[in-house]
Amino acid sequence: MSGHDHPHPPRNRWMLALGALVLALFALSQTVVIVRQGEAAVRTTFGRVDGAIAEPGLYGRWPWPVQKIEVFDARTQVLEGALEQTLTQDGRPVLMSLYTGWRIADPVRFLERVGTPEQARRNLAGLVGHWRNATVGRHPFEALVNPDPKALKLEAIEMAIAGAAGPEARERYGIEIATVGIRSLGLPQAITEKVFDRMRAERKAVAERYRSEGESEAVRIRAEADSARDSKLAAADAEARRIRAEGDAAAAEAYTVFEKDPGLALFLRKLEVLEQTLGQRSTVVLGADAPPFDLLAGASNAAPAAAPSTGGGK
Amino acid sequence: MERTPERAALFAAISSLLLAVASAVGRTAEGSFLFAPLAALHAWAGLVALAAALREFFARRAAEEAVEAEAARRESPDGSLFARTGDAADEPFSMARSARLFERWASPAVAPLLGAGLVAAAWLQARALAALPPPEAAVRTPAAGWFGAVGLALLVLGRYLVVHARAPGRGRLRAAGTAAGATALAALAAAAGCLASGAGYPAVERGMAGGLVAVAGLLGIEQILNTLLELYRPRGRDAAPSSPYESRIARRLCDPSAWMRGAAESLDYQFGFKVSQTWLAGFLGRTLAPLLLFQIAVLYALTSVAVLGPDEEGILERLGRPRAESAGGWRLGPGFHWKRPWPFETVRRVPARRLLETHVGYEGRVTNPDETLWTRPHFEREDPFLTAARDGATSAVPPAGEAAVPVNLVSVNLPVEYRVTNLLQYAYGHRDPAAALRAVATRAVTREAAGRDLFDVLGAGQAGFAKAVGDRVRDEAAALGLGIEVTFVGVQGVHPPVPIADAFESVVGALEEKETATLAGRAHAARVLPAASAAAEAVRLAALARRDGQVLGSRAEAEQFLVRKAAHDRSPAVYRGRAHLQTVQDALAKPRLFVVAAPCDAEVLQLNLEEKIPSTLFDPGAIPVAPAAGPGAAGTENRK
């Protein structure tokens with residue numbers, strides 16, 4: 001049986017072209033590398049480092065596994081550390097989070113010692129954390145939080161951490177530490193709750209003080225008003241007494257004319273009193289000898305000179 | 001018989017086994033877990049292809065042996081020492097016998113062995129995958145290129161084998177083609193996973209690895225089930241040899257024609273006529289591959305075009321570095337730009353014309369956009385800052401050396417707006433300038449809050465606090481070389497932390513209560529004092545009126561007296577008597593009057609001058625009233 005006994009499967013030239021294109025791209029990807037601005041690269045041959053590529057551009061290489069070009073991001077990266085607890089010089093626990101700006105300064109050493117950015121972040125976190133604890137432990141708590149800004153030592157702490165960790169990072173990892181900053185400060189949860197309790201109590205005291213001040217102010221205003229009212233009334237009463245006395249004096253002055261005939265004055269006055277005191281609902285009991293009722297008893301006309309006797313009651 | 005397909009199957013077997021080894025090495029070299037399931041699948045595809053190649057080899061050699069035997073018989077038709085007496089397959093050391101033995105014993109053993117191996121590999125890899133730490137984004141361009149190239153190469157190879165397997169007598173090759181095709185799809189999926197990880201989605205890579213492990217396990221289970229079904233398959237002596245190691249799942253996955261046939265049958269069923277037989281369907285079928293290539297070419301040509309939005313500017317990189325000024329410069333503004341195709345020139349886009357924004361003190365979305373209250377969280381997460389606390393009583397700074405520095409906590413929501421001013425610094429200085437700015441801004445708030453009293457931050461000092469933070473953010477951003485200009489730093493919100501916000505509000509409430517009590521006192525004063533003034537004035541006026549009345553009355557009385565005295569002096573007795581009686585008359589006109597007859601007081605004269613007099617004066621109800629003639633009549637009564 002020959003191979004020509006069966007018809008050939010249809011040869012698809014387009015598929016072959018597609019395959020050739022794919023293979024060409026694969027070959028290209030295995031032999032050419034573009035290093036971009038902001039990147040650093042290291043060329044290795046069978047695992048041995050040939051050297052760093054510092055400048056961006058197009059670089060050729062032998063395909064894997066002969067040569068390999070490791071490309072790293074050489075721009076500054078920010079490592080944001082977690083809030084970690086440490087002790088101050090006076091033994092107070094404090095939570096501190098640092099951020100670290102770092103970049104690859106020595107790509108060859110970075111490749112040999114670290115390898116990946118993830119590992120670099122882990123290494124840096126440990127290194128910076130170590131120097132953070134050592135540095136913060138030399139400062140009291142009041143150097144971290146203080147109402148007097150001159151007493152704060154935050155910048156000094158940051159510089160000390162960067163100054164201590166920077167050379168080590170470069171020597172051990174090929175990494176340059178560009179900046180270290182204290183991102184945030186905090187207190188452990190239990191202490192934070194206590195701080196909340198104290199702040200709450202402080203606010204409560206202030207509130208009570210305000211309430212008490214309000215009540216005392218109200219009482220004072222009421223008392224002042226009552227006092228002013230009483231004073232006014234007393235002054236008015238005194239004034240009224242004085243005015244009434246003036247009236248009495250004027251009346252007494254006018255009544256001096258009664259001295260001309262006191263008997264008559266008294267008689268007339270009695271008549272007025274009698275007339276005014278006997279109202280509609282009065283009941284009068286008189287003797288039958290009282291004029292003019294003496295007439296009822298058959299007496300002769302009473303002498304008008306006789307003084308009438310009156311009595312009555314209600 | 002043509003040997004090319006057989007050699008292609010052998011090539012597929014060897015290359016797949018080599019790829020399995022390379023993937024096992026790549027797992028260590030590249031660090032991507034995707035290499036592990038790919039190694040298992042490559043090994044499976046290689047062994048399947050090897051089995052297919054061996055079967056093809058035995059079949060071809062048996063056919064050639066039969067042809068040679070037939071030729072020898074024709075040359076010596078009368079018989080000879082080596083004349084065949086029975087079936088060729090029964091002759092010892094013949095290729096036909098070897099082929100029969102291979103089909104009988106070796107071929108059925110391939111499927112269970114592959115199935116067990118795949119299941120075991122999937123089980124181990126699943127356990128290893130579960131033990132891995134959380135995935136992190138990583139640039140895996142070499143791995144993605146490797147997977148992509150391997151996938152496309154295997155796709156072509158598998159397609160070649162599948163097409164040749166359609167020829168009569170070549171069906172054994174189909175298993176190798178489908179296995180290579182399925183592995184090619186797995187490699188392409190792995191390439192996509194690597195690209196996703198590089199783009200910042202490591203979970204996609206992890207999920208893809210898990211999916212490939214699952215596919216490997218599924219294929220293994222299928223191999224075992226195929227073996228069991230093969231045991232119960234009825235077979236005759238002339239039945240064609242089966243391939244229990246051929247995966248139906250793989251066949252479905254990698255044979256697009258099967259999908260196309262299924263789709264065509266569905267269309268035919270739905271429309272009621274042979275849609276798949278129309279000219280359009282035929283045209284599409286013929287031109288599918290050229291169209292695909294054309295689309296790829298168009299897509300690649302599009303890499304020569306860059307279109308930047310109105311808020312963007314671009315840095316044109318030629319072979320990785322910004323294009324030199326002599327070649328036209330690197331800066332691209334918004335609009336349409338021609339450039340050399342990828343990878344020779346690329347454009348790095350920067351939102352240089354847009355105001356960008358970051359924030360400090362909170363994360364997540366606004367919890368309630370309609371109202372912002374201290375007692376409710378403003379955002380999904382708020383981070384309080386430590387502030388100093390002066391002695392509340394004296395407002396004095398604690399003495400130096402005092403260990404216990406009281407602290408307070410305050411929540412600060414600080415938006416920071418900025419814009420890009422230096423494209424090169426922004427693009428090449430920092431990997432994530434926004435993260436750097438956020439860190440700087442958070443540091444500024446921490447630093448400024450730590451040096452101020454809580455009420456300097458909350459109260460009137462808020463503007464100063466915001467200014468100090470803004471100045472510090474601008475200085476730090478400039479010092480870091482972020483390539484940005486900070487245009488706005490505002491304090492959107494400063495408030496006590498939510499757990500103690502109610503205590504702060506209670507102080508405000510107490511202030512209101514204080515004011516309320518004070519106002520109540522003032523209201524009392526406002527009510528009392530005018531009333532007192534009025535009462536005092538009334539007293540004074542009454543006294544004045546009394547005085548005036550007294551003065552006038554006394555004067556009038558004096559004048560009246562003088563007149564009366566003059567009258568009296570002319571006839572004193574008459575005047576007195578008349579005046580007396582006139583007064584008695586007037587005074588007694590109204591009252592009830594009892595006249596007691598003296599000296600006998602037992603007789604009482606009752607004069608009813610006005611109305612009926614009660615029954616008795618001294619003992620009401622006991623003395624009967626004397627009969628009277630009528631109203632106004634007089635009567636008498638006796639008293640004991």
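Which residue takes a positive phi just after helix 2 of chain A? Gly115(A) does, with a phi of about 100°. Helices here are DSSP runs of H or I with at least four residues, strands are runs of E with at least two, and both are numbered from the N terminus.

This is a predicted model, in which local features need pLDDT of at least 70 and side-chain atom pairs count only at pLDDT 80 or more, while totals for chains, interfaces and linings use all residues. Residues are numbered from 1 along each chain as its sequence is written, and chains are lettered from A and ligands numbered from 1 in the order in which they are written.

Stay with helix 2 of chain A, residues 107-114. Its buried residues are Pro107(A), Phe110(A), Leu111(A) and Val114(A). Buried means that 20 or more other C-beta atoms, placed from the backbone, lie within 10 Å of a residue's own. These four residues lie on the same side of helix 2 of chain A because they cover an arc of only 110° around the axis. That arc is taken from the directions from the helix axis to the C-beta atoms. An α-helix has 3.6 residues a turn, so residues three or four places apart point the same way.

Now turn to the strands of chain A. Strands count as paired if DSSP finds at least two bridges between them. Strand 2 (residues 39-45) pairs with strand 5 (residues 67-73) in the antiparallel sense, over 7 bridges. There, Thr44(A) stands opposite Lys68(A). Strand 2 also runs antiparallel to strand 3 (residues 48-53), with 5 bridges. Thr45(A) has Arg48(A) as its bridge partner. Strands 2 and 3 form a hairpin with 2 residues between them. In the turn, Phe46(A) has a positive phi of about 50°.

Next comes chain B. It holds 15 helices and 16 strands. Of its 640 residues, 36% count as buried. Two residues are in contact if their C-beta atoms, placed from the backbone, lie within 7 Å. Among the contacts in chain B with a separation of 6 or more, 71% join residues 24 or more positions apart.

How do the two chains meet?

Terms used:
A residue is buried if 20 or more other C-beta atoms lie within 10 Å of its own, exposed if 12 or fewer, and partly exposed in between; C-beta atoms are placed from the backbone.
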